[in-house]
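Hi everyone, thanks for coming.

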Amino acid sequence: MTSMANTHNGKLFIETVGCQMNMLDSELVVGALRKQGYSLTDDPSDADTILFNTCSVREHAEHKIYSALGRLKYSKQARPNQVIGVLGCMAQKDQALVFQRAPHVDLVVGTGQLAEVPQLIEAARSRRERALAVSLDRKEAGRAAVSDSFQSYDPLREPAMRPSPHQAFVRIVIGCDKFCTYCVVPMTRGPEQSRPPRDILQEVKVLADQGVKEVTLLGQTVNSYKHTQDGKLFRLSDLLEHIHGVKGILRLKFVTNFPKDMTDDLLQAVRDLPKCAQYLHVPAQSGCNEMLKRMKRGYTVEDYREMFGRIRSTLPHAAVSSDFIVGFCGETAEAHQKSLNLISECRFKNSFIFKYSPRPGTKAFELYADDVPEDVKKQRNNEMLLLQNQISAEDNAGFIGDEVEVLVEGFSKVQLKKADLGPVSGPSQLTGRTSCDRIVVFDGNPRLAGSLASIEVDDVTPTTLIGHIVTREVQHGSSVLLPILA
Ligand code: SF4
């Protein structure tokens with residue numbers, strides 16, 4: 001592929017669905033396109049390039065994208081110069097099928113080819129050529145060739161696409177080799193590959209120089225990280241220790257953890273490195289061994305309990321969150337009850353609950369009937385949510401009267417909504433997170449964004465702590481008195 005010298009002063013609309021990995025990919029694509037002169041617009045009718053960065057984990061997410069593409073058919077007729085692209089997991093999974101279902105799409109670009117997006121857009125616009133750029137199928141070639149086809153181009157960053165100017169994601173593991181039977185990720189993101197520690201550290205330093213205070217290391221199985229550099233094996237715990245030394249970074253997080261790879265050295269690193277968030281997301285998916293076996297998760301409930309016990313004994317104050325799938329193939333009422341029992345026992349900070357959605361191309365789709373009726377899935381989903389919310393509310397209530405340290409993120413959702421409706425007077429409601437990942441809202445000066453602040457908790461909901469600021473900003477090792485301006 002030739003490099004593109006010409007610049008473009010066009011407008012780009014990009015919609016991102018799915019996980020943090022997709023948010024990061026969009027940041028990288030936008031970073032590359034900004035370099036070509038593009039500016040962002042949040043109005044698709046104003047854009048000459050429209051991109052969808054897609055997710056294939058659930059059928060619903062794909063339907064939404066195909067509906068959005070359908071609506072663009074007429075916009076394309078009115079603006080023949082417009083380029084429409086489908087990127088990411090759905091592009092890798094559906095490939096040419098996207099063109100069949102939406103013939104007005106110009107580009108289909110998989111997760112491993114995102115670096116080519118600028119050139120492909122240019123070719124589509126100048127030569128009216130459609131392009132399909134995807135990685136090799138995992139059965140199509142040897143591991144090295146398939147891994148190479150899922151290339152990464154993480155150094156290109158775009159601050160405007162970050163969750164906030166002070167927070168950034170850094171990918172450390174690409175792909176996944178676990179092959180859980182319900183999951184498309186090993187196909188859409190390719191073989192598991194750990195990035196070199198040198199590259200990761202360099203990226204974190206650049207981010208810190210740009211004002212980033214909180215870095216979240218990403219991997220579908222982030223704690224499986226392993227890379228040998230200069231003859232030395234680096235595990236996630238080693239990487240954390242190195243990143244911990246980067247000046248300017250105040251907080252370090254990592255998601256998502258695989259239960260079987262939760263090693264003691266990692267828990268000890270989180271205990272001993274003060275910048276590490278006291279928060280671990282470790283999806284259990286089910287509390288029933290029969291279901292875990294069908295999901296091919298590679299552990300039993302007893303193994304999960306043992307791992308959870310090690311977290312509790314090493315990190316007694318850490319918050320643990322989980323994912324659960326309800327209504328997986330063959331899930332009985334008894335199996336569902338076992339998942340509820342595990343939630344009651346572990347008292348997760350929160351759980352992300354998903355109704356099973358069969359995905360073509362997965363083993364579960366091939367092997368098992370999707371035999372739990374939709375209304376039963378819905379009822380189990382609600383029941384689990386109710387239990388989890390009750391636990392979250394009870395545990396949050398334990399914080400009332402406590403002083404917690406938060407990394408201030410910026411305006412709260414409520415404040416942003418108010419601002420959308422017109423000019424706002426009076427104090428600003430801000431939001432931040434504790435080290436154990438609890439969301440805290442409080443009134444304060446927006447200039448506090450990006451710093452650590454102490455908040456006294458006055459009230460709670462199942463998802464949020466509500467408090468007021470204590471009159472000092474806290475830096476590691478020092479306290480500074482600050483005037484509180486509304
Ligand atoms: S660990 Fe399982 S659920 Fe997670 S990405 Fe890999 S295959 Fe999918």
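**Around the ligand**

Let's begin with the ligand, which is surrounded by Cys176, Lys178, Phe179, Cys180, Tyr182, Cys183, Val185, Pro186, Gln220, Thr221, Phe258 and Arg297. Please keep in mind as we go that this is a predicted model. What classes do the residues of that shell divide into? Eight are nonpolar, two are polar and two are charged.

Helix α13 covers residues 301–314 and helix α14 covers residues 333–346. Their axes lie 12 Å apart, and the helices pack at an angle of about 10°. Angles under 35 degrees count as roughly parallel, and therefore α13 and α14 are roughly parallel to each other.

Which residues meet there? From α13 we have Val301, Tyr304, Arg305 and Phe308, and they meet Leu342, Glu345 and Cys346 of α14. Sorted by class, this contact of α13 with α14 has five nonpolar residues and two charged ones, with no polar residues.

My last stop is strand β17, residues 403–411. With strand β20, residues 452–460, β17 pairs in the antiparallel sense, over five bridges. If you'd like a place to look, find valine 406, which stands opposite alanine 453 in β20.

β17 also pairs with strand β18, residues 428–434. How many bridges are there, and is the sense parallel or antiparallel? There are five bridges, and the sense is antiparallel. Here you can look for valine 408, whose bridge partner in β18 is glycine 432.

That's my tour, and I'm happy to go back to any part of it.

Methods: Residues numbered from 1 in each chain as written. Predicted model: local features only at pLDDT ≥ 70, side-chain atom pairs only at ≥ 80, totals over all residues. Heavy atoms only, no water. Axes fitted to C-alpha atoms, helices over the stretch in contact; angles between N-to-C directions. Helix = DSSP H or I, 4+ residues; strand = E, 2+ residues; numbered from the N terminus. Parallel < 35°, antiparallel > 145°, perpendicular 65-115°, else oblique. Contact = heavy atoms within 4.5 Å. Nonpolar A, V, L, I, M, F, W, Y, C, P; charged D, E, K, R; others polar. Pairing = 2+ DSSP bridges. Near = heavy atom within 4 Å.
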